[in-house]
There are 2 protein chains.
Amino acid sequence: MPKSAGGEGGLQHSIREVAAKAGVSVGTVSNVLNRPEIVAESTRRRVQAAIRQLGFVRNESARQLRAGKSRTIGLLVLDVANPFFTDLARGVEDEANESGLAVILCNSADQVAKERRYLELLEEHRVQGILITPVAAADEHVARLQRRGTPVVLVDSRSLNRGQCSVSVDDVLGGELAIAHLLEQGHRKIAFVGGPMSLRQVSDRRDGAVRALEAAGRTAADLHVIETTALHVAAGREAGARVAELPADRRPTAMFCANDLLALGALQEMTSRRIRVPDSIAIVGYDDIDFAAAAAVPLTSVRQPRHQLGRAAAQLLLEEALDGGNHQHRQVIFEPELVIRDSSSTRPVEAPVFGTPHPRGVPGGRPPGPAPGSETGLATEGVP
Amino acid sequence: MPKSAGGEGGLQHSIREVAAKAGVSVGTVSNVLNRPEIVAESTRRRVQAAIRQLGFVRNESARQLRAGKSRTIGLLVLDVANPFFTDLARGVEDEANESGLAVILCNSADQVAKERRYLELLEEHRVQGILITPVAAADEHVARLQRRGTPVVLVDSRSLNRGQCSVSVDDVLGGELAIAHLLEQGHRKIAFVGGPMSLRQVSDRRDGAVRALEAAGRTAADLHVIETTALHVAAGREAGARVAELPADRRPTAMFCANDLLALGALQEMTSRRIRVPDSIAIVGYDDIDFAAAAAVPLTSVRQPRHQLGRAAAQLLLEEALDGGNHQHRQVIFEPELVIRDSSSTRPVEAPVFGTPHPRGVPGGRPPGPAPGSETGLATEGVP
DNA sequence: AATCAACTCTGTAACGTTTCAAGGATGGGT
DNA sequence: ACCCATCCTTGAAACGTTACAGAGTTGATT
């Protein structure tokens with residue numbers, strides 16, 4: 001017996017020691033582990049007993065080395081502290097678990113360097129595939145990964161060249177919904193808060209805002225763009241301060257924030273300056289995270305199907321990983337939905353919206369579900 | 001040349017192919033990868049060129065198999081959707097990254113079964129160590145892991161038998177602070193909302209509440225305990241409804257919730273029922289997540305040093321993983337701090353508390369930092 | 001010349017699995 | 001008695017990496 005003998009006390013045991021203890025060959029132990037039905041009952045029991053007594057635990061590295069693939073997928077997001085991404089992550093996890101895969105969750109924190117490091121790490125780990133919300137145009141890295149054989153699915157992002165699958169929500173439409181609503185409320189001077197513009201989500205939402213303005217016979221110049229360096233609460237507070245400090249005649253009467261964290265930050269700043277929301281300034285957020293409804297002034301927001309986004313992305317990835325060669329890339333696009341609450345509407349909303357867990361059919365909203373023309377296989381996912 | 005030759009196009013390349021292309025032995029390639037300084041400059045360059053041309057990526061499984069250990073640590077938390085845990089996770093990640101380790105983040109979602117599965121998975125991956133916030137008394141599993149040689153550090157939890165390192169915050173004290181504050185505000189009928197009681201965090205906070213009551217000459221019977229099945233927003237709403245529906249004479253005038261998610265849920269429920277907070281009922285939360293300050297009524301909460309908790313835990317783990325044999329287990333205990341905001345105080349607070357990112361020196365609070373008697377090496381971490 | 005040290009490089013043996021062709025047993029049918 | 005099928009089990013060959021003992025080269029020193 002190599003290493004320390006018997007008992008549970010010893011450190012790591014190998015399959016070989018189990019074999020020795022049970023008086024069989026290593027091949028048989030492996031069979032007990034992987035295809036127990038082909039080994040005789042008595043032997044199986046003997047081996048299982050040995051496994052239990054030794055406290056044997058498979059070495060996943062060795063399995064993977066042999067298999068050439070790991071039983072893991074990677075998920076690389078922009079910000080784990082943002083509830084949008086944790087909800088998305090849970091969707092991914094649910095789906096992956098059903099296929100017996102583990103998820104390695106990585107946080108690029110908006111940094112290209114971190115993103116690159118994590119992609120490398122995931123590739124070294126030979127993950128089955130990678131779900132990524134790219135920091136900027138990470139096209140080159142992603143393409144290289146794919147050429148080397150790692151499937152990649154873009155999450156909350158769209159594939160321009162159709163070179164990979166992607167799952168996203170129509171951010172331009174989201175921006176339109178938000179601004180159309182504000183225009184309808186009578187606002188004329190509107191600020192767009194968000195950044196960095198290199199994030200597609202941010203620029204798309206701004207583009208949607210512009211489009212809505214133009215549809216109402218106004219121009220892009222009517223949108224006061226306040227670019228932030230990041231999408232968290234602190235940046236929102238800062239942006240709020242910048243807005244608040246504008247001379248009264250130039251100050252917008254409404255802010256459309258690129259995500260809820262910014263909106264919550266802006267809201268905090270306004271409250272602390274005793275600027276009333278929505279009376280003095282209206283605020284609309286984006287994502288409709290759970291905390292939006294619980295905010296100081298319940299937040300109007302553009303809802304995205306986060307959990308489903310994650311599930312759909314994982315599904316596409318698994319499909320590609322299993323199909324192998326003849327895989328047809330697909331772009332799944334979900335539709336966002338406007339949820340109106342107090343922060344943008346002077347008139348009282350009909351019902352206490354924030355009392356229901358999942359408000360639906362709110363005026364101004366559109367039915368959820370993927371946009372026309374998108375994939376239908378997964379599309380039904382969008383409509384509960 | 002085995003497999004597809006040359007170019008970046010081919011799939012996965014091994015060190016052997018790099019060696020062939022560069023006209024050296026595999027050993028040399030390995031040296032270029034791991035100790036480039038011992039190989040002659042010209043050879044090194046040739047090898048590096050080959051690596052680049054082939055798009056070679058190390059196989060981490062093979063490295064790990066050879067090394068017997070992976071370059072990864074596991075972090076198993078109760079709820080990734082809870083900002084408390086994501087903030088903690090970022091602390092862990094920061095610390096791990098500095099040592100070149102990756103973090104596998106797992107979510108037990110309060111389920112013993114999931115917890116067990118993930119522990120097994122992490123052990124199979126031969127992680128350097130595991131940081132865990134146990135669901136219940138997971139003592140047995142943890143002990144087994146340790147006997148087999150995987151270091152384990154309990155996070156936000158305390159080691160009873162001193163069999164492992166642990167990092168926690170004094171939850172009993174936290175409970176005391178909360179209730180002492182409510183008593184001082186004149187509340188006499190106080191509800192404690194939280195569950196399941198099998199979570200040590202929950203029962204400790206309740207015990208602290210009881211202790212504060214007793215210190216004020218009252219008894220445990222004065223605490224109306226409302227046990228919830230989980231610690232998320234929905235459970236908080238439910239609990240809020242239960243409280244709201246009590247006959248007026250039996251309804252408490254204050255609720256102390258075991259975490260902020262519950263508190264936010266309770267707050268939403270009250271608001272939607274037009275029950276005024278804090279006038280009709282005061283609410284105190286726990287954790288002081290970023291969203292607490294931005295709530296409908298800014299939430300009084302017991303703050304925990306989340307990021308530092310994560311860093312400290314990772315530090316202890318790495319220490320144990322490297323020290324190997326002669327490691328002395330340590331229990332690091334931080335102190336919580338009460339942050340008073342509108343949800344519990346009828347009198348206006350002195351300053352617009354929710355305007356500052358990190359309110360300090362709030363009346364009723366105590367200085368942060370580890371409690372006396374705890375480790376000092378890491379202890380200083382607690383005081384910025 | 002012979003010896004030595006300093007430098008590079010090579011070849012091979014692990015690491016712990018899984019897979020698979022081939023090798024026993026066993027027992028039923030002829 | 002022989003052959004075959006069936007059922008289990010075995011042993012060895014991968015998988016890609018690293019570590020290490022040893023083999024060549026050089027160039028300087030005796």
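**View 1. Strand 6 and strand 8 of chain A pair in parallel.** Four bridges join strand 6 (residues 190-194) to strand 8 (residues 254-257). Two strands pair if DSSP finds at least two bridges between them. A:Phe192 has A:Phe256 in strand 8 as its bridge partner. Strands (E, at least two residues) and helices (H or I, at least four) are DSSP runs, numbered from the N terminus. This is a predicted model, in which local features need pLDDT of at least 70, side-chain atom pairs count only at pLDDT 80 or more, and totals for chains, interfaces and linings use all residues. Residues are numbered from 1 along each chain as its sequence is written, while chains are lettered from A and ligands numbered from 1 in the order in which they are written.

**View 2. Six strands of chain A form an open sheet.** The order is 7-6-8-9-10-12, with mixed pairing. Strand 7 (223-227) and strand 12 (337-339) each have a single partner strand, so one side of each lacks a neighbour in the sheet.

**View 3. A cis peptide bond joins A:Gly195 to A:Pro196.** Its omega is near -5 degrees. A:Pro196 sits in the loop between strand 6 and helix 9 of chain A.

View 4. The peptide bond from A:Val277 to A:Pro278 is cis, with omega near 5 degrees.

**View 5. A:Asp288 has a positive phi, near 50 degrees.** A:Asp288 lies in the loop between strand 9 and strand 10 (300-303) of chain A. A:Asp288 counts as buried because it has 26 C-beta neighbours inside 10 Å. A residue is buried if 20 or more other C-beta atoms lie within 10 Å of its own, exposed if 12 or fewer, and partly exposed in between; C-beta atoms are placed from the backbone.
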